[in-house]
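Thank you all for coming; I would like to take a few minutes to walk through one model. Please keep the sequence and the structure in view while I talk.

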2 protein chains.
Amino acid sequence: MRLSQLFARTLREDPAEAEAPSHKLLLRGAFVRKLMAGVYTTMPLGLRTIRKIETIVREEMDAAGAQELRMPITVPAEPWQQTGRWDAYGDELFRLRDRHGRDMLLGPTLEEVVTPLVATEFPSYKDLPVNVYQIEWKYRDELRPRYGLLRGREFYMKDAYSFDRDAACLAESYRIMYEAYARVFDRCGLNYVVVEADPGTIGGGINHEFMALADVGEDLFVRCENGDYSADTEAATPRVSDVLLSGERGPLTEVETPGAATIALVAAALRVEPSQTLKTMMFKSAQGTVAVLVPGDREVNERKLSRLYFPVPIVKFEEADFAAGGFMKGFVGPQGLPDGVTVLADHSVLAGKDWVTGANRADAHVTGANVDRDFRVDRYEDLVEIREGDRCPNDGGELHIGPSIVVGHIFQLGTKYSEPMGATFLDEDGTAKFYEMGCYGIGLTRIMAAAVEQRHDEHGIVWPKAIAPFQVAVILANQDVPEVTAHAERIYAELLAQGIEAVLDDRDERAGAKFADADLIGYPVQAVVGKRGVQAGTVDLKLRATGERTTAPLDGATDAVRALLVSAP
Amino acid sequence: MRLSQLFARTLREDPAEAEAPSHKLLLRGAFVRKLMAGVYTTMPLGLRTIRKIETIVREEMDAAGAQELRMPITVPAEPWQQTGRWDAYGDELFRLRDRHGRDMLLGPTLEEVVTPLVATEFPSYKDLPVNVYQIEWKYRDELRPRYGLLRGREFYMKDAYSFDRDAACLAESYRIMYEAYARVFDRCGLNYVVVEADPGTIGGGINHEFMALADVGEDLFVRCENGDYSADTEAATPRVSDVLLSGERGPLTEVETPGAATIALVAAALRVEPSQTLKTMMFKSAQGTVAVLVPGDREVNERKLSRLYFPVPIVKFEEADFAAGGFMKGFVGPQGLPDGVTVLADHSVLAGKDWVTGANRADAHVTGANVDRDFRVDRYEDLVEIREGDRCPNDGGELHIGPSIVVGHIFQLGTKYSEPMGATFLDEDGTAKFYEMGCYGIGLTRIMAAAVEQRHDEHGIVWPKAIAPFQVAVILANQDVPEVTAHAERIYAELLAQGIEAVLDDRDERAGAKFADADLIGYPVQAVVGKRGVQAGTVDLKLRATGERTTAPLDGATDAVRALLVSAP
């Protein structure tokens, strides 16, 4: 491609609306253009990168035995009403009506289409397992589309759906996809972690997220410094010291703490660390009142608590609940809680002693509260929000929390969709059984943006060569000099003849502008053909990833470019 | 691909809802499955064929210098309101609102998106010409979707848009696309004609349709028996005899024709051919009353008439107009029409004499009416509907009318979109000018269906090899015999190793069912590996296009398949 012809111009300035680096750079480099909030036109350069990602995804899906098909984007409402997602999706679903008044939607994922399709085509256990996928645009009417391609309303996604006879076969289909996903992200050059994800409260199916590390990421995850553990923050479980504190226990003593109804105030009033205080959080469920104990410097993770009680909802005390139950808000302590209250404590409570906690009357606390001696704990559970510096449950290494971008998410759905849709196969024993399903998503436009988030510098994008729109830019630095032009044209033609994806920057621009654009667009290798070089019989090569510059002889330029490209990340 | 694994099963019976052969066969062969009216899931086999068509289209577009990008499917309403298409499109437009109440639509074509995009990126005459295209699903809420993929509500289309400095440059861009289109349809193996299409009343731009011949086609076109002329029926102009009828003219005589207010009745009453009568059709426009004369056996083509008056609308007389103007409905003749009436006659009127026509009073006609002597004609024009047997305007050959499927349509739009959208470029002289635009569409799903319409027999589809989902079916006829299986597996593996797209029919099915499915799905070459053949050291080959069967030695089977494939159409 000659850049003089390439449709779309780079932008000199950062677009005002863009915050995230990938959003800025993909706009500036003319990879995408905004049509409306969360909806972008993919320009020729962007489309080349998307196609490369698409090819990698397709190759790995095919190699994993998945079969490609293509489902419609416009989908009838009825099957969505069957599964309940028509209502559950709320405002995020793009809905429309056809001319006959029939309700339709634009698909965000397509379990409702693929499930009856498989049930019709593959109704026997002999047909299973089967895994089908598509790569198609998906729609979600995000409340606040942002960060360009990272949270768009129209996004390009690979969605796969596996159908199995039983849970063991599903686990095997899942394993195959897990491994295929790892290969996809490896080949795309992403720095990512796979985390056990929060199974949510939908029934606890196993699921994993593939998270690309990125400063702008909206999804937090936890990772051990030694690399042997990772999880999303909702699922992460810190290791708890199993050494009980030794030494004397102090006496349980009441102290006056006027107005100190928060941990910070009581710690200040009594000159102790917040970690020395014990927080007693009150919850209620249909099964009764629950007190949750955590050290004063930690927060209760309510999703973890909810999972313990699922499917019974459990919620925090409201103002009125304290008075109704005879609890003194801000000064509750675990000593002397009524028998009817279930007392749950985080594992970390077991490793503390001489706690400062509420005295169960206004403006007073106790010091020297000790478990078992002074208060009862019915059960120890993992109940705290993970935080930076917590210990890895595997090896005790330090846990770090970082932002990331979810680029893939795989689920063992089980019969979540096959049951409400009545999708059964005939098993070997002659009985009809619900398919055990898995679903597997990869965000292709997100991969593109995540790669830019991970690989850019102050000059522009540094594409991994596997997904760069072009591999090499031949920069014609002095196009007014015929000999320089001739050499640049020759090198460009030789690269194309060797099957190397090259551009020739033959635009009527200053050399400086061409260098800046080459850095911005992020070709892995740049070859500069200029007047001085040609006089000296050389071209200047630059590896974008490292900035390293070398020279090569003019007549061996093509080979030198090829060699440099091999070394590029 | 092993057919035992292939997702989707062929159907033994014709689906009840399918009328057109392509609809039946694409369903039976498991190329597509219906999701709702006019909306289909593309199954793995169908997707392979679509991808092949897509590759051909992409290669030819790229070779023609067009650049691929990808525009969104969900589009904001505002630019459509600017061009007037938001209203003009009526019920065919799929409309929706986002969560903030903003009007949006699903794009049928995207002039409203691409025009401002080009104006932003390429604002100078130096940037032109430019031609951009995309291959993406399009949406049109057809009142009556039918014939499967031929008239769907979701269809896969290549749409290209060219932008030029002036009309001459547009004509050149148009020519390049015209030629690229011919190469696309040639490569897809379609039997098609290119016709001058009705420019419509939108401003009279040049446009051509690429029409694939097919019995079920809804689009009629006209073609000379000698192949030197073709047009759609709205644009076709028959040759008119330039020989004036010689001989005596009879006298103008009034005859009583009670109740004979139609051509059929008057011809019967006076025992003349309808072609001997002269029909006088009355129209009105803001410019006055118009009488249109055509022979009694022909129909006025109102679109041709409209084009003569464009942009002033011209419509047929209503009941009240006859009385108001003093015309006797059913008995109007051109003799003695008031001076204020413009008299237009089809060219064919010039070549007739002694017309039977209305006497301008109830229940009476005249015979022996002759042009100039008895009535005036202000202008001769092409005004008749074309019909079977008309003469070619080029060589006088016989014209035939046939059904077809429009697979491509190219337009010189001029400034139809750039003007209302205010899309200008800065020309060399420093003035802002509107882009001269062209637009170019190819229906990819339609090509797939049209190819099936053209190439099928009672057994199934006969794919042209360029777009067959697979090239070769290796049919394992006796899979209970290990030696037969071993040979089939070997041949299948050898074909794959040679880069030939083969399937192995290893399904647990009778050989007869496998043969039937191979014919149905339409692989260009079948290689049958069976017990008898293996004993004799041969395989049976079949060329699907001709049904011709040959045998090849077992150990040279792969080479023989390859050679046969080369010969396949």
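This is a predicted model: local features need pLDDT of at least 70, side-chain atom pairs count only at pLDDT 80 or more; totals for chains, interfaces and linings use all residues.

Which are the buried residues of helix 1 of chain B? They are B:Pro21, B:Ser22, B:His23, B:Lys24, B:Leu25, B:Leu26, B:Leu27 and B:Arg28, where a residue is called buried if 20 or more other C-beta atoms lie within 10 Å of its own, exposed if 12 or fewer do, and partly exposed in between, with the C-beta atoms placed from the backbone.

Residues are numbered from 1 along each chain as its sequence is written, and chains are lettered from A and ligands numbered from 1 in the order in which they are written.

To return to helix 1 of chain B, residues 21-28, eight of its eight residues are buried, so this helix is largely enclosed by the rest of the structure. Helices here are DSSP runs of H or I with at least four residues, and strands are runs of E with at least two, numbered from the N terminus. The cover over those buried residues includes strand 1, helix 2, helix 11 (444-454), strand 25 (456-457), strand 26 (460-461) and helix 13 (511-521) of chain B. Just after helix 1 of chain B, B:Ala30 adopts a positive phi of about 65 degrees.

Let me turn to the pair of chains.

As for the interface, 38 residues of chain B are in contact with 38 residues of chain A, contact meaning that the C-beta atoms, placed from the backbone, lie within 7 Å. Among the elements giving two or more residues to the side of chain B that touches chain A are helix 2 (44-63), strand 5 (95-97) and strand 7 (130-139) of chain B.

Finally, B:Arg99, in the loop between strand 5 and strand 6 (103-106) of chain B, touches A:Asp91, A:Asp141 and A:Leu143, not counting residues up to four places away in sequence. B:Arg99 counts as partly exposed because it has 15 C-beta neighbours inside 10 Å.

Terms used:
Two residues are in contact if their C-beta atoms, placed from the backbone, lie within 7 Å.
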